[in-house]
Protein chains: 2
Amino acid sequence: MVHNGIEYGDMQIIAEIYDLMHRVIGLDATDIAELFERWNEGRLGSFLTEVTARVLRVRDEKSGQPLVEMILDQAGQKGTGRWTARDAIDLGEPVPTLTAAVDARVLSSWKPLRSRAAALLTGPEARTGALSAADRRQMIKDLEAAFYASRVCAYLQGLRLIRVASDAFDWNVDLLRVTQVWKAGCIIRARLLDPIRAVLEQPDSVDGGSWEHLLLDARLAGPLVEAQAAWRRVVSDAALRGVPSPAIGASLSYFDGLRSSRLPQNLTQAQRDYFGAHTYRRVDDPSGAAVHTDWHDLT
Amino acid sequence: MVHNGIEYGDMQIIAEIYDLMHRVIGLDATDIAELFERWNEGRLGSFLTEVTARVLRVRDEKSGQPLVEMILDQAGQKGTGRWTARDAIDLGEPVPTLTAAVDARVLSSWKPLRSRAAALLTGPEARTGALSAADRRQMIKDLEAAFYASRVCAYLQGLRLIRVASDAFDWNVDLLRVTQVWKAGCIIRARLLDPIRAVLEQPDSVDGGSWEHLLLDARLAGPLVEAQAAWRRVVSDAALRGVPSPAIGASLSYFDGLRSSRLPQNLTQAQRDYFGAHTYRRVDDPSGAAVHTDWHDLT
């Protein structure tokens, strides 16, 4: 099931990359197929990268257009992505990229509503004119980095979910074996599983053996840290141009949440203690004692 | 329960606004309290806006610092936000802002992991120097708009969830009555419920009476369309500066998905038909007939 959840995430990331290439750069299906073919040779190589290139090459006999452009933008789902998202919630494990993919399919299914909404909710043009050759090259490089980094986040979210479930239910799942099965032949077989497997082979090297999150191994962290400037430009650009990129954006927020030693939930705790006396802990008390303040007397 | 889900979303949006003010502009708790007090007089007026200002004003007796800064950034949850997110998944209704808030609380609870991750996953500085007075004013105006627009999305996601559940289980819920109860006194009582209630009072005016999404009423759509340039700048800026803004970002993606007459799920359908023969529909066939292509013969 989690394999399918990751598949949803991977497909949604690909859809967003395709959308940005198409709507922002103005590339046609053949141009995009060529890029996916080229990417398939490198670290983005995978069954889904290859399938994307293949389907983009097919012409519609009736219209002569790329067949993909004659297909209604209304995705179905059989339920496995949704189950993954639900089980993740039950287990208290964030899989934001996978959940964003499930939501994106639902929004796509609201086709008649979206057509009416488009007339009322006007916004920026995705394409503001032809890009210079240099800008175009830069944006394609940026999209490659955003694809890679978002995808690693999707896979690691899914793998952590399996691990958390395994711990919760005493399943003793061997993730190395899981990824071996995935590599052997399935929809998410991907070259990026190789560095993940290298880390899984030496779990003691991750974060002093704590193994809490695979991203705390330098072999996986390094490429994401390197990709991040490009990744950030893609999220920023998509937001400014009005092109929805929920899965790429959710991956970046996940990465940024994880790497924030300080998050603003101190305010959340203050609010909760104010209206519900839920207590909080202090930064200067290592004992972690729960404290309550009678805020009403002080404000 | 959905009330609590919206509360999670609202609190997370506030936390992100606070974080951006603090980390990017460099405002201290008192400055931020003043802004929330001022905002509380306008369209952002609400119990939570007021509570935010109040808690930000309280000083810690021990350190003399703002008490909020002495609170550990590790949020608890009692489960109601999580239940809302799960029920939304079961009902096939996207509530991305609410789900992002649940995930953000979980990430905040990973405090020791985040502290270690911060050393490895280095990134941009949130604050790149003092802003000019004009840039500072602009950013504060942008944050007000992003707060308003993201918040409306959170409330509308929750209200649609109640409506979908009411339809599914024949509950006949009167949303006007629900919002009246909320207005009368609860954690999410907010002035922004007034325009929502005005729309609910004349449901026939929404989208030709179809009433599928309240955002298809010009009274709710107008302010969001107007806020969007500022809203986009906030999401873009947060991404570039490495400050996670999952709830504000998810709201914008929801808005952009809804207003996209064309989404890239045509590619998703092509992929699904390629590897699973799940069929697709054609844009030029209003009958909506399911079509399957034997892609393997053509690629």
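Predicted model: local features only at pLDDT ≥ 70, side-chain atom pairs only at ≥ 80, totals over all residues.

User: Is A:D217 buried or exposed?

Analyst: Residues are numbered from 1 along each chain as its sequence is written, chains are lettered from A and ligands numbered from 1 in the order in which they are written, and side-chain values use heavy atoms, with hydrogens and water left out. Burial is judged by relative accessible area (buried under 20%, exposed over 50%, partly exposed in between, with a 1.4 Å probe and protein chains only). At 3% relative accessibility, A:D217 is buried.

User: Which residue does A:D217 meet in a salt bridge?

Analyst: A salt bridge here is a side-chain nitrogen of Lys or Arg within 4 Å of a carboxyl oxygen of Asp or Glu. The partner of A:D217 sits at 3.0 Å, N to O, and is partly exposed, with a relative accessible area of 33%. That partner is A:R219.

User: Which helix holds both A:R241 and A:D237?

Analyst: These two side chains form a salt bridge, their closest N and O atoms being 3.0 Å apart. A:R241 is buried, at 15% relative accessible area. Helices are DSSP runs of H or I with at least four residues (strands are E, at least two), numbered from the N terminus. The pair is 4 residues apart, or about one helical turn, in chain A's helix α10 (residues 218-241).

User: How many residues apart in sequence are the parts tied together by B:D142 and B:R233?

Analyst: B:D142 and B:R233 form a salt bridge with closest N and O atoms 2.8 Å apart. B:D142 lies in helix α7 (residues 133-169) of chain B and B:R233 in helix α10 (residues 218-241) of chain B, so the pair ties together parts whose separation in sequence is 91 residues.

User: How many salt bridges are there over all chains?

Analyst: Some of the residues involved join into networks: A:D60, A:K62, B:R282 and B:D284 are linked in one. Searching the whole structure, over all chains, gives a salt-bridge count of 40.
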